[in-house]
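A plain account in paragraphs will do.

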Number of protein chains: 2
Amino acid sequence: MDVSIAIDCMGGDHGPSVTVPAACAFLSRDPVAHVTLVGDPAAIEPLIERVAPAVRERMRVQPATQVVGMDEPPANALRGKKDSSMRVAINLVKSGEAQAAVSAGNTGALMAISRFVLKTLPGIDRPAIATVLPSLRGHSYVLDLGANVDCSAEHLLQFGIMGAMLVSAVEHKDRPSVGLLNIGEEEIKGNDVVKQAAELLRGSGLNFYGNVEGDDIYKGTTDVVVCDGFVGNVALKTSEGLAQMLATFLREEFKRNFMTKLMALVAMPALAHFKRRVDHRQYNGAVLLGLRGVVVKSHGSADAFAFEQAIARTAEAAGNRLIERIGERMAVREEVA
Amino acid sequence: MDVSIAIDCMGGDHGPSVTVPAACAFLSRDPVAHVTLVGDPAAIEPLIERVAPAVRERMRVQPATQVVGMDEPPANALRGKKDSSMRVAINLVKSGEAQAAVSAGNTGALMAISRFVLKTLPGIDRPAIATVLPSLRGHSYVLDLGANVDCSAEHLLQFGIMGAMLVSAVEHKDRPSVGLLNIGEEEIKGNDVVKQAAELLRGSGLNFYGNVEGDDIYKGTTDVVVCDGFVGNVALKTSEGLAQMLATFLREEFKRNFMTKLMALVAMPALAHFKRRVDHRQYNGAVLLGLRGVVVKSHGSADAFAFEQAIARTAEAAGNRLIERIGERMAVREEVA
């Protein structure tokens with residue numbers, strides 16, 4: 001895709017040793033994209049010395065002298081790290097030198113800096129974080145995932161609009177369906193905010209499906225699942241915990257004794273295929289939505305394969321007019337109102 | 001265990017065809033327990049005709065002419081179904097003829113009727129629903145699971161107390177650890193209610209661990225995980241959805257072609273052992289906590305094996321002074337306050 005991506009090479013648990021090889025792999029796969037590697041040249045340059053010229057010519061290194069710590073308070077990073085790799089990468093999006101930025105750094109700092117530098121789109125009160133998850137029917141996009149703890153109905157509506165536009169851009173769907181995460185018991189169907197949000201979504205012109213429950217995320221009942229950041233974060237973390245527990249149990253069963261180890265050996269191809277299919281690294285790259293620029297957050301612990309997926313997702317969003325789509329949709333809303 | 005359990009035989013998707021065989025299996029396993037089978041004698045009696053005398057003599061049938069529908073509004077069930085199997089079973093707990101009741105019927109109706117007939121314990125504002133889930137270290141008890149959507153910090157504290165007493169009773173742990181479900185990002189650590197609840201839990205005399213995240217449920221970081229009913233319901237349903245999706249994918253991989261089917265055949269013993277280990281039926285039986293009596297809710301779709309587990313859990317809670325434990329703990333609180 002003919003896009004230019006700014007990569008915060010110093011962010012994440014592993015820094016350049018992961019981000020730079022991932023960038024090289026991405027450029028090898030995408031023959032027209034460009035990347036700007038932001039960070040300490042002394043750490044980055046040795047890693048790209050031997051890269052093939054066809055890839056090397058589409059990279060440039062942008063020096064940045066500081067690094068935002070993984071546990072650094074966002075306010076610190078915002079005020080005190082004006083030459084951090086994260087900040088410089090986002091500045092490149094602001095100046096138009098890059099169409100999008102990706103970072104495996106501190107989520108809170110990334111959100112604070114993105115918001116400060118890029119600003120939110122007209123009509124968007126709060127940016128949200130959206131992730132993609134596997135489902136029985138393909139993919140589900142869930143937002144918000146932790147940026148906004150106390151949400152109003154209007155915020156949830158805006159999340160619905162942004163999520164739908166994200167799916168339009170990256171999955172090429174015309175009218176993605178939007179579900180509102182709720183709970184099932186009749187007497188207690190949701191709190192007031194969720195009830196009001198359903199009303200707003202119903203009148204929004206979006207392809208609103210109605211309420212969905214937690215299991216619908218993985219059933220793929222709707223393309224987008226909207227919830228507040230607290231609930232979304234719990235759903236995501238709970239999923240991670242369950243997947244890890246099941247993987248541990250499955251491994252234990254096959255390691256129980258000599259016979260089960262033999263079974264594992266025989267079943268390996270099917271198990272490996274299963275593992276690839278549910279490999280969470282494929283789903284790496286949560287999109288910060290609602291900003292005047294595309295910013296993607298990779299898992300801090302991402303390896304090169306996972307970080308490459310995050311770069312590819314960044315390119316997909318930037319190359320398919322994500323920001324313009326959200327802007328257009330919000331403009332239609334303004335006119336109607 | 002020397003307890004007498006009232007069983008709502010008509011509740012659930014399958015009614016007596018599941019609940020009665022489950023009761024027989026439970027009594028065969030527990031040589032001293034008694035059960036009262038509540039419902040339509042014409043439906044129940046043919047199912048217990050051929051039961052061994054040692055089991056049969058520990059059952060009695062209590063007629064009830066009505067059945068609460070699975071989708072019936074709780075208020076309807078409460079006002080209009082005074083001779084329902086659910087209501088009669090709970091009445092038996094109230095009168096002391098049974099120590100506990102179990103039903104696979106409509107959750108909302110079960111909660112409404114239990115609350116109306118049994119009343120809440122002193123100091124408990126709202127009953128909660130607690131479930132047990134598997135974890136890497138054993139079991140986690142999570143509450144609330146949908147009875148209370150908008151919770152105050154005080155409610156979350158009460159859930160913590162009730163959850164800890166449940167674990168004391170059924171897992172025989174002296175000082176179960178209690179975690180408060182929260183989200184991880186530094187800048188946005190929880191909403192105000194959760195922050196206040198943490199303060200209250202810290203001063204409660206419980207073995208309070210502090211904040212936990214969604215993945216801690218399955219890591220088994222704490223014995224009890226406290227959250228509001230909306231979040232708890234989403235966490236549980238999301239888990240169900242993920243588990244079903246993974247099971248589907250795993251089955252598909254082994255059914256892909258002749259070779260993978262052969263692999264499945266070879267790996268069957270290990271896979272079957274894994275399946276048993278994570279079989280959600282084992283975890284059937286959510287406890288309604290905070291009432292002056294033990295009431296357990298089985299999954300509506302439970303089969304006989306699953307319903308038997310719910311009966312066993314009911315017996316365990318009733319036989320180990322669950323209500324007294326909660327009452328004692330609440331009394332200590334009153335004295336301190």
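In this predicted model, 11 residue pairs, both members at pLDDT 80 or more, are in polar contact between chain A and chain B. On the side of chain A that touches chain B, the elements giving two or more residues are α6 (107-118), β5 (128-135), α9 (214-219), α10 (229-254) and α11 (258-277). Of these, α10(A) gives the most, with 21 residues. By class, this side of chain A holds 30 nonpolar, 18 polar and 11 charged residues.

How many residues take part in the contact? From chain A there are 59, and they are in contact with 58 residues of chain B. The size of an interface is often expressed as the accessible area lost when the parts come together. For chain A and chain B the buried area is about 5500 Å², and 73% of it lies on carbon and sulfur atoms.

Charged side chains also meet across this interface. Side chains of opposite charge can pair when their charged atoms come close. The rule finds 6 salt bridges between chain A and chain B. In a salt bridge of A:E252 with B:R277, the N to O distance is 2.6 Å.

Over all chains, the count of salt bridges comes to 26. A:K173 and A:D223 form a salt bridge, with their closest N and O atoms 2.6 Å apart. A:K173 sits in the loop between α7 (153-171) and β7 of chain A, while A:D223 sits in the loop between α9 and β9 (224-226) of chain A, so this pair ties together parts that lie 50 residues apart in sequence.

The next topic is empty space. Rolling a probe the size of a water molecule over the atoms shows where such space is left. The second largest pocket holds about 530 Å³ of space. Its lining is made up of 28 residues, and those nearest the centre are A:N191, A:D228, B:D150, B:N191 and B:D228. Both chains supply elements that give two or more residues to this lining: β7 (177-181), α8 (192-202) and α10 of chain A, and β7 (177-181), α8 (192-202) and α10 (229-254) of chain B. The lining of this pocket divides into 22 nonpolar, 2 polar and 4 charged residues.

There are also 4 cavities of 30 Å³ or more. The largest cavity has about 40 Å³ of space. Among the residues that line the largest cavity are A:G11, A:G12, A:H14, A:H299 and A:F307. What classes of residue make up the lining of the largest cavity? It has 7 polar and 4 nonpolar residues, and no charged ones.

Technical notes
Residues numbered from 1 in each chain as written. Chains lettered and ligands numbered in written order. Predicted model: local features only at pLDDT ≥ 70, side-chain atom pairs only at ≥ 80, totals over all residues. Heavy atoms only, no water. Contact = heavy atoms within 4.5 Å. Buried area = accessible area lost by both parts, 1.4 Å probe. Salt bridge = Lys/Arg side-chain N within 4 Å of Asp/Glu carboxyl O. Polar contact = N/O pair within 3.5 Å; in protein donor to acceptor, adjacent residues only side chain to side chain. Helix = DSSP H or I, 4+ residues; strand = E, 2+ residues; numbered from the N terminus. Nonpolar A, V, L, I, M, F, W, Y, C, P; charged D, E, K, R; others polar. 1 Å grid on protein atoms, 1.4 Å probe; cavity = no way out; pocket = protein on both sides within 12 Å on 5 of 7 lines; lining within 4 Å. Points joined across faces, edges and corners; volume = space filled by probe spheres on them.
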